[in-house]
Amino acid sequence: MNNEELAEMHRERLSRSQGGSRSTFSLHDTDLVVVEEHGRCLGSSLWPSASHLARYMEGWDIESNLPKGFTCLELGCGVGLPGLCAALLGALSVDLTDTEECIPIAQANVDANKLGDVVEVRELDWANSPLTVTYDLVLAADVVYAPECHGPLARALLGSTKRGSIVLLAYRQRVLSDNAFWDEISKDFSMQLAWNSHPGHLPPALE
């Protein structure tokens, strides 16, 4: 990732107010508490892609796509909203994973929603910790932004899925180099565009 791309990410992050906040995200008849700590790290605030993914999951026909008591993994979870939604939507177990700096904010959200019996938070570095456990559902939001992470992310998706697994990945294109990631995973995954908020702005592999 070049210096200008990094600068854009940090400007976007730092444009938010500093300090902690609590808000709610309504999922059907339940309000999820969302705890954020703005400015601590890239993952300590709720990013729009995560909100879009959680909202998509609310209307998604889970019963037709996943087994009852499905298992779920969220990669690069940040505050963990999509994974928490999976817990409320019937997951037997949910693993929220991210780098060390994001673990406290993810755990704070699990605790705030009293979902510790279903949701576990653990540190995961895609580059150095190969995944060998597979899941029925894998979630990720706004994790495709640095070319050096494309290979490790693709390997993480391959290592955490099996035949019949579903990956829901929410994405905002910032740089054209992202296209290489989609080209790479299209070799191993059948992909379908579920929803696009910016028609006409898609990597070729998703068109």
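## Helix α6

Helix α6 has 13 residues. From first C-alpha to last, α6 reaches 19 Å, close to the 18 Å expected at 1.5 Å a residue (1.5 Å times one less than the number of residues). Helices here are DSSP runs of H or I with at least four residues, strands are E runs of at least two, and both are numbered from the N terminus.

This is a predicted model: local features need pLDDT of at least 70, side-chain atom pairs count only at pLDDT 80 or more, and totals for chains, interfaces and linings use all residues. Numbering runs from 1 along each chain as its sequence is written, and side-chain values use heavy atoms, without hydrogens and water.

Buried residues of α6 include H150, L153, A154 and L157 (buried: under 20% relative accessible area, 1.4 Å probe, protein chains only). Their cover includes β3 (71–75), β6 (137–141), β7 (166–170) and α7 (179–185) (contact: heavy atoms within 4.5 Å).

## Nonpolar cores

The largest nonpolar core holds 40 residues (buried Ala, Val, Leu, Ile, Met, Phe, Trp, Tyr and Cys joined through side-chain atoms within 4.5 Å). Helix α4 (residues 81–88) supplies its largest share, five residues. V94, V119 and L137 touch the most other members. Contacts of V94 beyond four places in sequence include C72, A86 and V118.

A second, separate core has 17 residues, among them L75, L131, L153 and L157.

## Second largest pocket

Lining residues of the second largest pocket number 31. G76, D98, T99, W126 and Y145 lie nearest its centre. α6 gives the most to this lining, three residues.

Technical notes: Buried means under 20% relative accessible area, exposed over 50%, partly exposed in between (1.4 Å probe, protein chains only). On a 1 Å grid over the protein atoms alone, a cavity is a set of points where a 1.4 Å probe fits but cannot get out, and a pocket is an open set with protein on both sides within 12 Å along at least five of seven lines; lining residues have an atom within 4 Å of a point.
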